[in-house]
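Have the viewer open as you read.

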Amino acid sequence: MSGWAGRRIYVGNLPIDVRQHEIKDLFYKYGPILKVELKIPPQRRGYCFIEFESSLDAEDAIKGCDGYNFDGCHLKVEPAREGRSFLSSVGRSSRYGGGANKYGFSYRSEYRVVVSGLPSSASWRDLKDYMRKAGDVCFAQVFQNGDGIGAMGIVHYTNYDDMKCAVRKLDGTEFRNPFAKSYIRVKISEGNTSRSANRKREREIHPSHCECAIHIYS
């Protein structure tokens with residue numbers, strides 16, 4: 001792909017209730033976005049067009065997201081065809097234009113918590129909105145339990161402190177959505193997060209705070 005047309009991609013099979021900022025959260029990691037045009041036809045899957053600053057970023061987005069499972073929908077991502085165009089009302093200065101959020105985070109992070117005890121009706125959007133009470137969430141996903149009763153979720157935060165705040169502030173609290181409510185448990189996910197937490201604690205330990213004891217045996 002090259003030139004102006006080469007910077008544009010088509011994204012199909014979107015959830016019918018997808019939001020503009022969720023699309024930008026998913027695709028921003030591939031490069032700065034200039035425009036997003038979202039279309040949701042009645043009773044059909046949504047689709048959108050995205051224009052990147054660079055054609056190389058557009059190529060990376062196609063390779064990285066074609067077939068991606070987005071809230072149960074496998075995305076179709078390909079170069080925008082000739083004749084497909086953005087809405088004239090959506091310009092570079094519009095509120096749907098490109099640019100990072102205040103953190104410039106990627107779609108997922110190593111700062112993860114596991115949320116158990118969710119009601120079966122909980123969606124990833126419900127979970128993401130609720131977990132924002134503790135800080136900046138960059139990704140959330142919900143899985144149904146094997147017994148068909150209840151669900152669990154994974155939530156990614158943009159930084160270590162917000163992840164820790166989620167456990168401290170939201171563990172044992174009441175989760176609600178329009179259909180149900182339940183008390184949830186929140187704990188830090190094991191793996192890369194644990195190693196990051198250890199590195200953070202090591203940086204916070206100052207030699208003056210250490211007490212050394214020397215035992216002499218005769």
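Here is a short report on salt bridges, cysteines, a sheet with its helices, and one glycine.

## Ground rules

This is a predicted model, so to speak of local features we need pLDDT of at least 70, while side-chain atom pairs count only at pLDDT 80 or more, and totals for chains, interfaces and linings use all residues. Numbering starts from 1 along each chain as its sequence is written, and side-chain values use heavy atoms, with hydrogens and water left out.

## Salt bridges

Take a salt bridge to be a side-chain nitrogen of Lys or Arg within 4 Å of a carboxyl oxygen of Asp or Glu. On that rule the count is nine. One of them pairs Glu51 with Arg7, at 3.2 Å from N to O. Glu51 belongs to strand β3 (residues 46-52) and Arg7 to the loop between α1 (3-6) and β1 (8-14), so this pair ties together parts that are 44 residues apart in sequence. Helices (H or I, at least four residues) and strands (E, at least two) are DSSP runs, numbered from the N terminus. Glu51 is buried, with 0% relative accessible area, and Arg7 counts as buried too, at 18%. For these labels, buried means under 20% relative accessible area, exposed over 50%, and partly exposed in between (1.4 Å probe, protein chains only).

Another salt bridge joins Arg125 and Asp17, whose closest N and O atoms are 3.3 Å apart. Arg125 sits in helix α4 (residues 124-131) and Asp17 in the loop between β1 and α2 (20-27), so the two tie together parts that are 108 residues apart in sequence. Arg125 is buried at 6%, whereas Asp17 is partly exposed at 44%. Both belong to a network of salt bridges that links Asp17, Glu22, Asp71 and Arg125. Then there's Arg176 with Glu174, at 2.8 Å from N to O; here Arg176 is exposed at 52% and Glu174 partly exposed at 25%.

## Cysteines

How many disulfides are there? Counting pairs of cysteine sulfur atoms within 2.5 Å, the total is zero. Cys48 is buried, with a relative accessible area of 0%, and Cys138 is buried with 0% as well.

Four strands make an open, antiparallel sheet in the order β8-β9-β7-β12; two strands pair if DSSP finds at least two bridges between them. The edges are β8 (137-144) and β12 (185-188), each with a single partner strand, so one side of each is left without a neighbour in the sheet. From one strand to the next, the twist averages 20°. Strands β7 (residues 111-118) and β9 (residues 151-157) run antiparallel and are joined by six bridges, and Arg112 has His156 as its bridge partner in β9.

Helix α4 packs on this sheet, touching β7, β8, β9 and β12, with its direction at about 135° to that of β8. Helix α5 (residues 160-170) lies across β7, β9 and β12 and runs at about 150° to β12. Contact is heavy atoms within 4.5 Å; axes are lines fitted to C-alpha atoms (for helices over the stretch in contact), with angles from 0 to 180 degrees between N-to-C directions.

## Around Gly150

Gly150 is in the loop between β8 and β9 and is buried at 14% relative accessible area. Leaving aside residues up to four places away in sequence, Gly150 touches Leu118, Pro119, Ser120, Gln144 and Asn145. Gly150 and Ser120 are 30 residues apart in sequence, with their C-alpha atoms 4.3 Å apart in space.
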